Amino acid sequence: MVNPVLGAASVLLVHPLLKDVCGPKTAGAVTVLLGTSPWFIFLNMSLMTHSFTMFAVAGAALATSRCVSGQGTAWAVLAGLGIGVIALNRPLEGLIVAAVLGLWGLAKGNRRVINVGVMAIVSAAVVATTFPYNQRFTGDPLTFPIMAYMDQT
């Protein structure tokens, strides 16, 4: 039940994100398309980590949208946590999401640089737990859980 719940929560996060970025009409249409997409529904029925990553990306993107629009540094902390969690789960995707959201934040102007810096610091703090995290779940600090899972299956 975890992935279907994460999929539904992702749809709920995507709507306000798109409302911030594209406006309410587009947000409504895209949210309906996402929620009814056979690919999205099938993926959220699977046991793969994509549902968790989608949830974390949607949350980090929403938080980034809010922090770059000047709604406070707390949003930057949430965005950094989301990016860090993505990197723990899927390292390459975490790097890509960090680059995209960081550049988006920097593109909004100089007064948002502090929020982007907070995002980077919080992300780095979460990513710094990678080796202990790997050690705890796989017994080897250099083996990511997804790698161990794929090796076993």
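**Fold and core of the chain**

Residues 24 or more positions apart make up 62% of the chain's contacts with a separation of 6 or more, a contact being heavy atoms within 4.5 Å. Please note that this is a predicted model, in which local features need pLDDT of at least 70, side-chain atom pairs count only at pLDDT 80 or more, and totals for chains, interfaces and linings use all residues. Residues are numbered from 1 along each chain as its sequence is written, and side-chain values use heavy atoms, with hydrogens and water left out.

The chain has nine helices and zero strands; here helices (H or I, at least four residues) and strands (E, at least two) are DSSP runs, numbered from the N terminus. The C-alpha atoms fill a box of roughly 45 × 40 × 20 Å along the principal axes.

Turning to the interior, 39% of the 153 residues count as buried, that is, under 20% relative accessible area with a 1.4 Å probe, protein chains only. Which residues have the most contacts inside the largest nonpolar core? They are Val14, Leu34, Cys67, Ile83, Val97, Leu101 and Met119, in a core of 23 residues. Such a core is a set of buried Ala, Val, Leu, Ile, Met, Phe, Trp, Tyr and Cys residues joined through side-chain atoms within 4.5 Å. Its largest share, eight residues, comes from α4. Leu34, for its part, touches Val11, Val14, Phe40 and Met54, leaving aside residues up to four places away in sequence.

Key:
Buried < 20%, exposed > 50% of the residue type's maximum accessible area, 1.4 Å probe, protein only.
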